[in-house]
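Look over the sequence and the model before reading on.

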Amino acid sequence: MLPTYNEAENLPQIVPRILEQPGGFGVVVVDDASPDGTGALADQLAEAYPGRLLVLHRSERGRGTAGIAGFACALAQGVPYVLEMDADFSHNPADLPRLLQACQAGADVAIGSRYVPGGCQLERSWWRRFVSVAACTIYRVILGSPTRDLSGGFKCYRRAAMAALDWAHFYSTGYAIGMETVFRQQRLGFRMVELPITFADRRFGRSKFRPREAAGCLWVALRLAVALGRG
């Protein structure tokens, strides 16, 4: 599941990299009406890879709602596992088989983690690294979650772990979707594992994350803690 907004420079490069990985991967691109033509490029890629790439075109914007739409589309294909990653090469497609294998070995959710031994962040300023670590720590304290990289967007889910979620009652519309998905699955008793990854800065384009997104994530964490109780 590959959510996109203004990723015209990255998408034609990352899709072939995903599809060449061992494991039989397919791609669902969820494009939020990108003004740079990402959606049209996705359609061209779907023609080049028939049966392996689906494209959802949305008129709204939001990482959370895009994720939910993409997950629903993937599940509708009957797949046993659903993976998600960013389209900007901050997540390495070569790590996809490791995440899949972890779920095939028994995990319900395999999380690509920056904050377990062996994980790291490259080419990021000290300020961005500090904000990322601090935010994850705050979310973990609020929710009582043992997951160290709670807000990351690089994961593999066993089908049962996704099918058990009631998307209609999610609070997230933006970047908090990663945190909310994992926490709800933890509260349902699904088994999590974290695998170390190297998180790199995007190759092209600009980050869509804004300060208001951090405030939104904090608000979602507080609502989850009140509604579901701490882990």
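## Pocket lining and cysteines

The largest share of the lining of the second largest pocket comes from β4, which gives four residues. This is a predicted model. β4 spans 81-84, and β2 (27-31), β3 (53-57) and α4 (96-104) also supply at least two lining residues each.

The volume of this second largest pocket is about 510 Å³. Its lining counts 25 residues, and F25, G26, V27, V79 and Y81 are the closest to the pocket centre. Sorted by class, 17 lining residues are nonpolar, six are polar and two are charged.

Now the cysteines. How many disulfides does the count come to? The count comes to zero disulfides. C103 is in no disulfide, and the nearest cysteine sulfur, that of C156, is 3.6 Å away. The cut-off for a disulfide is a pair of cysteine sulfur atoms within 2.5 Å.

Are these two cysteines buried or exposed? C103 counts as buried because its relative accessibility is 0%. C156 is buried too, with a relative accessible area of 0%. The table sets out both values.

| Residue | Relative accessible area | Class |
|---|---|---|
| C103 | 0% | buried |
| C156 | 0% | buried |

Key: Residues numbered from 1 in each chain as written. Predicted model: local features only at pLDDT ≥ 70, side-chain atom pairs only at ≥ 80, totals over all residues. Heavy atoms only, no water. 1 Å grid on protein atoms, 1.4 Å probe; cavity = no way out; pocket = protein on both sides within 12 Å on 5 of 7 lines; lining within 4 Å. Points joined across faces, edges and corners; volume = space filled by probe spheres on them. Nonpolar A, V, L, I, M, F, W, Y, C, P; charged D, E, K, R; others polar. Buried < 20%, exposed > 50% of the residue type's maximum accessible area, 1.4 Å probe, protein only.
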